[in-house]
Amino acid sequence: MPLGIAKRVPELGHEKWEAARIHAEDEVLAGIQDAQRKLTAENPDRVVTVGGNCMVSLALFDYLHGKYENVGIVWIYAHPDVSTLNDGYPNAHAMVLGSLLGQGAPQLVSWMRHPVFKPNDVLHVEIQQFHGYQEVCLNKHRCCGFSRCPHGGKRHAGSV
């Protein structure tokens, strides 16, 4: 591929993508299971991650949500990661926060062991402008962010 030309969305000609609609789904789900096994075995009080693929966040936040009754998410990232299978981007890392809210890919949500997060459990810190469907999703779920708050900037029950 020539320099400066990035291929944004992989072509969906691969049979595995067409059937599952998530790129490398078996590997993604195996990674979630592996993280869940390790978290269960170690039973840590807190978890810190630096770098890596956003998919690791699914198992970690789900684990912490089961361990603590009143836990929230502060999502500081360039992308909101609320994509769904219908948005035309087959990479699971773009579906993490949406899945934690219960609206992501069913394959990802089904691996969660604890209830999904409520929108008022999430504070999203935007780093760049969203795609239209991402803004629609965050507004639909009434997730607060520094540049927008559907609650008029007032603190609300369960806020982060």
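Biologist: Is Gln107 buried or exposed?

Modeller: Gln107 is buried, because its relative accessible area is 17%, and buried means under 20%, exposed over 50%, and partly exposed in between, with a 1.4 Å probe and protein chains only. Keep in mind that this is a predicted model, in which local features need pLDDT of at least 70 and side-chain atom pairs count only at pLDDT 80 or more, while totals for chains, interfaces and linings use all residues. Residues are numbered from 1 along each chain as its sequence is written, and side-chain values use heavy atoms, with hydrogens and water left out.

Biologist: Where is Gln107, and what does its side chain make a polar contact with?

Modeller: Gln107 sits in helix α5, residues 106-109, where helices (H or I, at least four residues) and strands (E, at least two) are DSSP runs numbered from the N terminus. The side chain of Gln107 makes a polar contact of 3.2 Å with the side chain of Glu25. Such a contact is a pair of N or O atoms within 3.5 Å; within protein, one must be able to donate a hydrogen and the other to accept it, and residues adjacent in sequence count only if both atoms are side-chain atoms.

Biologist: Which residues of α2 are buried?

Modeller: In α2 the buried residues are Glu25, Val28, Leu29, Ile32, Ala35, Gln36 and Leu39. They cover an arc of only 120° around the axis, which puts them on the same side of α2; the arc is that of the directions from the helix axis to the C-beta atoms.

Biologist: Why would residues three or four places apart point the same way?

Modeller: An α-helix has 3.6 residues a turn, so residues three or four places apart point the same way.

Biologist: And what does the face turned away from the buried side of α2 carry?

Modeller: That face of α2 carries the exposed residues Asp26, Arg37, Lys38, Ala41 and Glu42. Just after α2, Asn43 takes a positive phi of about 50°.

Biologist: Switching to α3, how many of its residues are buried?

Modeller: In α3, 9 of the 12 residues are buried, so this helix is largely enclosed by the rest of the structure. The buried residues of α3, including Phe61 and Leu64, pack against α2, β1, α4 (96-100) and α5.

Biologist: What about His114, where is it and which residues does it touch?

Modeller: His114 lies in the loop between α5 and β2 (122-126), and it is partly exposed, with a relative accessible area of 29%. Leaving aside neighbours within four places in sequence, His114 is in contact (heavy atoms within 4.5 Å) with Asp62, Tyr63 and Gly66. The C-alpha atoms of His114 and Gly66 are separated by 5.6 Å, although these residues are 48 apart along the chain.

Biologist: Last topic: what pLDDT does the chain average?

Modeller: The chain averages a pLDDT of 75, and 66% of the residues score at least 70, where pLDDT is the predictor's confidence in each residue, from 0 to 100. Over residues 12-19 pLDDT stays under 50, and over residues 151-160 pLDDT also stays under 50.
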